[in-house]
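Student: I am new to this structure and would like a close look at its salt bridges. Please show me where they sit, and then lead me from there into the neighbouring parts of the fold.

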Amino acid sequence: MLFLILGKGKTGSLVAEVAAERGHGVRALDIYENRGASALTAPNLAGVDVVIDFTAPEAAVENMRAVLALGCKIVVGTTGWYAHLDAMKDLAQRRGGALLHATNFSIGVQKLFRLTAEVARLDGYTFSITETHHTTKLDAPSGTALTLKQIIQSARPGLDVEITSRRLGDANGEHTVTATSEVDLLELRHDANSRRGFALGAVRAAEWLANQQSGVWDFRDVFDRL
């Protein structure tokens, strides 16, 4: 397969490395080479199986619009753009494009999501979330933390869930869900030892998307099928 990686930051570069290790062809563009999605034209996407975006929220929206409008496929690991999700779904449906998105492509985090959903069904607990990332991360709270909050509130509508965000050095990503009752405390925690787990998940997601037709998927709903 041929993947076009958008973003040459730490995660984007690692995605390109992992894709090459798995035998795929790789092209990569940084934000200056693709300013305003200018490089995402029909000739440039000819032969590309899937575009993989690890850029910034505003750029990701521009990139999705360009790719989906051409009826092509894109995996988005950028967070902070979800106010545009309904518009992207509509565009994919109208133009025959395909989008797979996630707040976190780590398989371990996907398991954290499911464990959180289970714990959230317990009666008599209050919940809080703590997340720590590197100082250059643009969005706070993280998309992963917001997903965890949404999972808890889906089980406990109206429940207030406080998120504490910290930005320290070059932290790869830490998320902790704490459930507290009068009698005990439960804690679910995921610490990323490196960004490789995110990169591998994104590449596996692209491999899966390459074999799908038009549609929009959340990685939470499909990672078991990889």
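**Salt bridges and their surroundings**

Tutor: The count comes to 11 salt bridges, a salt bridge being a side-chain nitrogen of Lys or Arg within 4 Å of a carboxyl oxygen of Asp or Glu. The model is a predicted one, in which local features need pLDDT of at least 70 and side-chain atom pairs count only at pLDDT 80 or more, while totals for chains, interfaces and linings use all residues. Residues are numbered from 1 along each chain as its sequence is written, and side-chain values use heavy atoms, with hydrogens and water left out.

Lys8 counts as partly exposed because its relative accessibility is 43%, and Glu33 is partly exposed because its value is 40%. The scale behind these words calls a residue buried under 20% relative accessible area, exposed over 50%, and partly exposed in between (1.4 Å probe, protein chains only).

A second salt bridge is formed by Arg196 and Glu17, whose closest N and O atoms are 4.0 Å apart. Again distant parts of the chain are linked: Arg196 lies in helix H7 (residues 196-209) and Glu17 in helix H1, 179 residues apart. Both ends are partly exposed, with Arg196 at 36% relative accessibility and Glu17 at 41%.

The salt bridge between Arg94 and Asp90 has its closest N and O atoms 2.8 Å apart. Why does about one helical turn separate Arg94 and Asp90? They are separated in this way because they are 4 residues apart in helix H4. Arg94 is exposed because its relative accessible area is 55%, whereas Asp90 is partly exposed because its area is 36%.

The chain passes from S4 through helix H4 (residues 85-95) to S5, a β-α-β crossover that is right-handed. That term applies if, with the strands pointing away from the viewer, the path from the first strand over the helix to the second runs clockwise. Within S5, Leu99 is the bridge partner of Ile74.

Strand S5 (residues 98-101) is covered on both faces: Ala98 and Leu100 on one side, and Leu99 and His101 on the other, are all buried. S5 also pairs in the parallel sense with strand S10 (residues 215-218), over 4 bridges. In this pairing His101 stands opposite Asp218, and Leu100 has Trp217 as its bridge partner. S10 has a covered face, with Gly215 and Trp217, and an uncovered one, with Val216 and Asp218.

Aromatic contacts follow these strands. The structure holds 5 aromatic pairs, a pair being rings of Phe, Tyr and Trp (its six-membered ring) whose centres lie within 6.5 Å; planes under 30 degrees apart count as stacked, over 60 as edge-to-face and the rest as tilted. Among them is the tilted pair of Phe105 and Phe219, at 4.8 Å centre to centre and 55° between the planes. Phe105 is in the loop between S5 and helix H5 (107-119) and Phe219 in helix H8 (residues 219-222), so this pair links distant parts of the chain, 114 residues apart. Phe105 and Phe219 are both buried. Phe219 forms another tilted pair with Phe223, at 6.2 Å centre to centre and 45° between the planes. Phe223, like Phe219, is buried. Ring pairs link Phe54, Phe105, Phe219 and Phe223 into a cluster.

Terms used: Helix = DSSP H or I, 4+ residues; strand = E, 2+ residues; numbered from the N terminus. Pairing = 2+ DSSP bridges.
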